[in-house]
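Let's take a walk through this structure together, starting with its overall layout and then turning to its aromatic side chains.

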Amino acid sequence: MKKNSLSSMHKQSGASALVIMIMVLFFGGLLTLVIKLGPAYLDDITIQEALESLEGTEDLSTMGPAQVRSLINKRLSVNNVRGFDAKNITVEKNGEFVVINVDYEVRNNLFRNVDTIIHFQHEYEMKGK
């Protein structure tokens, strides 16, 4: 007796239109998140690198907070970080060490009335040459 070719074709059917549409929506939403949130994380990495590069700067321990903030702003402008406000940086002296705290958040509009808030907080303890 021959098998029915219709039943074997049913076993080999591919993804339905509904499954393909769900996959496209899922990966489209994931791509939207990466495009909207990625630059904030890249800027944060640049800010971290600029702050870490202050380690070993000459006369860092003798500089005032305004001078350290100005030095950080110069490094950030060279690295094209524009949306960062220097008010988010606090500089404190602890003997020969300089303690730098960075605490800020980035707000992005995802779509329509849905917004995202990303909070970054870093603390560095440095000593100049």
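Predicted model: local features only at pLDDT ≥ 70, side-chain atom pairs only at ≥ 80, totals over all residues.

**From fold to aromatic rings**

The chain holds three helices and three strands.

The chain has 129 residues, and 26% of them are buried. Its accessible surface is about 9500 Å², with carbon and sulfur atoms contributing 57% of that area.

Now for the aromatic rings. Rings pair if their centres lie within 6.5 Å, and by this rule the chain has four aromatic pairs. One of them joins Phe-26 and Phe-27, whose ring centres are 5.1 Å apart; with 75 degrees between the planes, the pair is edge-to-face. Is Phe-26 buried or exposed? Its relative accessibility is 52%, so Phe-26 counts as exposed.

Another edge-to-face pair is made by Phe-84 and Tyr-104, with 5.0 Å from centre to centre and 85 degrees between the planes. Where do these two residues lie? Phe-84 is in the loop between helix H3 (65-78) and strand S1 (89-94), while Tyr-104 is in strand S2 (residues 97-111), so the pair ties together parts that are 20 residues apart in sequence. Phe-84 counts as buried because its relative accessibility is 13%, and Tyr-104 is buried too, with a relative accessible area of 7%. Both belong to one aromatic cluster, formed by Tyr-41, Phe-84, Tyr-104 and Phe-120.

Technical notes. Residues numbered from 1 in each chain as written. Heavy atoms only, no water. Phe/Tyr/Trp six-rings, centres within 6.5 Å; stacked < 30°, edge-to-face > 60°. Buried < 20%, exposed > 50% of the residue type's maximum accessible area, 1.4 Å probe, protein only. Helix = DSSP H or I, 4+ residues; strand = E, 2+ residues; numbered from the N terminus. Areas by Shrake-Rupley, 256 points an atom, 1.4 Å probe, with all protein chains shown as cover.
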